[in-house]
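Trainee: Could you help me learn to read a protein model, feature by feature?
Mentor: Gladly; let us look together.

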Amino acid sequence: MAAAALRAQLNDHIASMYTDGVVDEDTFEELRDEGTAAEVSRLFIYDASDIIDDIDTLMEEPEVDFDEVEALTQQLMRCTSSVGAQQVNLACMNFGNFYAIKYIQGCLLSLDLVRNEFYIVRHELEVMMQLEEQIAACGPNS
């Protein structure tokens, strides 16, 4: 596929990410303007995945350390703000309502929502990065 067609596909994909609320347009456009969108996206995917796994592990303990869960959730929320992943952030806030009252069943259900929202953002960012790689592979004169 020609680089111009790939660029159009990339721009359409990013526009749909904004329309669908996957990422905040202002935040993400700033990253694109700085040329750091792909790198920040990679870091977000890696860090958020690790944090969610750590929260999962804590929630499986016989005695849940809710202070540590809160600290990790706050870390995840800072991580999500790096790419403007508002739906993940909102899911984290919902999760926080349950760990604040130490309601484990509510935590587990809302953690599923956090994970699902993360998966959506991760998928969309991975598609964006794949398109960018295909454009780069076309060469600078395409």
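Trainee: In which helix is aspartate 53 found?
Mentor: Helices (H or I, at least four residues) are DSSP runs, numbered from the N terminus. Aspartate 53 is found in helix H3. Before we go on: this is a predicted model, where local features need pLDDT of at least 70 and side-chain atom pairs count only at pLDDT 80 or more, while totals for chains, interfaces and linings use all residues. Residues are numbered from 1 along each chain as its sequence is written, and side-chain values use heavy atoms, leaving out hydrogens and water.

Trainee: Does aspartate 53 count as buried, partly exposed or exposed?
Mentor: Buried means under 20% relative accessible area, exposed over 50%, and partly exposed in between (1.4 Å probe, protein chains only). Aspartate 53 has 42% relative accessibility, so it counts as partly exposed.

Trainee: Which residues gather in the patch of negative charge on the surface?
Mentor: Asp and Glu count as negative. A patch is made of residues with over 30% relative accessible area and no salt bridge, like charges being joined within 9 Å. Here the negative patch holds Asp47, Asp50, Asp53, Asp54, Asp65, Asp67, Glu68 and Glu70. Helix H3 (37–60) and helix H4 (66–81) each supply at least two of its residues, and the largest share, four residues, comes from H3.

Trainee: How many salt bridges does the structure hold?
Mentor: A salt bridge is a side-chain nitrogen of Lys or Arg within 4 Å of a carboxyl oxygen of Asp or Glu. The structure holds five. In one of them, aspartate 56 meets arginine 115, with the closest N and O atoms 2.4 Å apart. This pair links distant parts of the chain, aspartate 56 lying in helix H3 and arginine 115 in helix H6 (residues 104–137), 59 residues apart.

Trainee: With which aspartate of its own helix does arginine 115 form a salt bridge?
Mentor: That is aspartate 112, the closest N and O atoms being 2.6 Å apart. Arginine 115 counts as buried because its relative accessibility is 15%, whereas aspartate 112 is partly exposed at 36%.

Trainee: How many aromatic pairs are there?
Mentor: Rings of Phe, Tyr and Trp (its six-membered ring) pair if their centres lie within 6.5 Å; planes under 30 degrees apart count as stacked, over 60 as edge-to-face and the rest as tilted. The structure holds four such pairs. For phenylalanine 98 and tyrosine 103, the ring centres are 6.0 Å apart and the planes at 45°, so the pair is tilted.

Key: Patch = residues over 30% accessible without salt bridge, like charges linked within 9 Å, V, L, I, M, F, W, Y side chains within 5 Å. Areas by Shrake-Rupley, 256 points an atom, 1.4 Å probe, with all protein chains shown as cover. Charge placed at Lys NZ, Arg CZ, Asp CG, Glu CD.
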